[in-house]
Amino acid sequence: MGIEDLERKKVTIYTDGACSGNPGPGGWGAILRYGDAMKELSGGEAHTTNNRMELLGAITALSALKTACSVELYSDSKYLVDSINKGWVYAWEKLGFRKKGKDVPNTDLWKEILRLTRIHDVTFIWVKGHAENEFNNRCDELAVAESRKFK
């Protein structure tokens, strides 16, 4: 741990995405926590996929940080968490975001997540969705509410 790590703000982020149909109208929700402060963010799109909403929630939350931070990001998306923690996204990046001769889905969003993880020190943590985590449940409520705006 270097001196810059000691100076970074420690932020906790929770994110979730939702989609009614896949594709269909979708939404995402995020909660940022720093000390006693908490901020909720949400948004959506008329025609999207669940995976895009999961990624967009994380991107928007990380983009809201004004300085380089040390972040614990909680998500119930195995797609997001495993792609980072198992190194898949780094392999896709090395291969020009292609696998098995095809373009990797959501390349635009994966590139942005990689850019943000090079600014912030992010640890991605999987949480069980629709379970006992109040912040994940709140993110789900935000995401679903956003997706309903497009019906």
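I looked up the strand order: an open sheet of five strands running β3-β2-β1-β4-β7, with mixed pairing. β3 (37–48) and β7 are at the edges with a single partner strand each, so one side of each has no neighbour in the sheet. Strands here are DSSP runs of E, at least two residues, and helices are runs of H or I, at least four, numbered from the N terminus; two strands pair if DSSP finds at least two bridges between them.

Note on what I'm reading: this is a predicted model, where local features need pLDDT of at least 70 and side-chain atom pairs count only at pLDDT 80 or more, while totals for chains, interfaces and linings use all residues. Residues are numbered from 1 along each chain as its sequence is written, and side-chain values use heavy atoms, without hydrogens and water.

I checked β4 and β7 next: they pair in the parallel sense over six bridges. E72 stands opposite T123 in β7.

**E146**

I found E146 in helix α6 (residues 134–148). Is E146 buried or exposed? E146 counts as buried because its relative accessibility is 11%, the limits being under 20% for buried, over 50% for exposed and partly exposed in between (1.4 Å probe, protein chains only). Leaving aside neighbours within four places in sequence, I see E146 in contact (heavy atoms within 4.5 Å) with G26, G27, W28, S42, G43 and G44.
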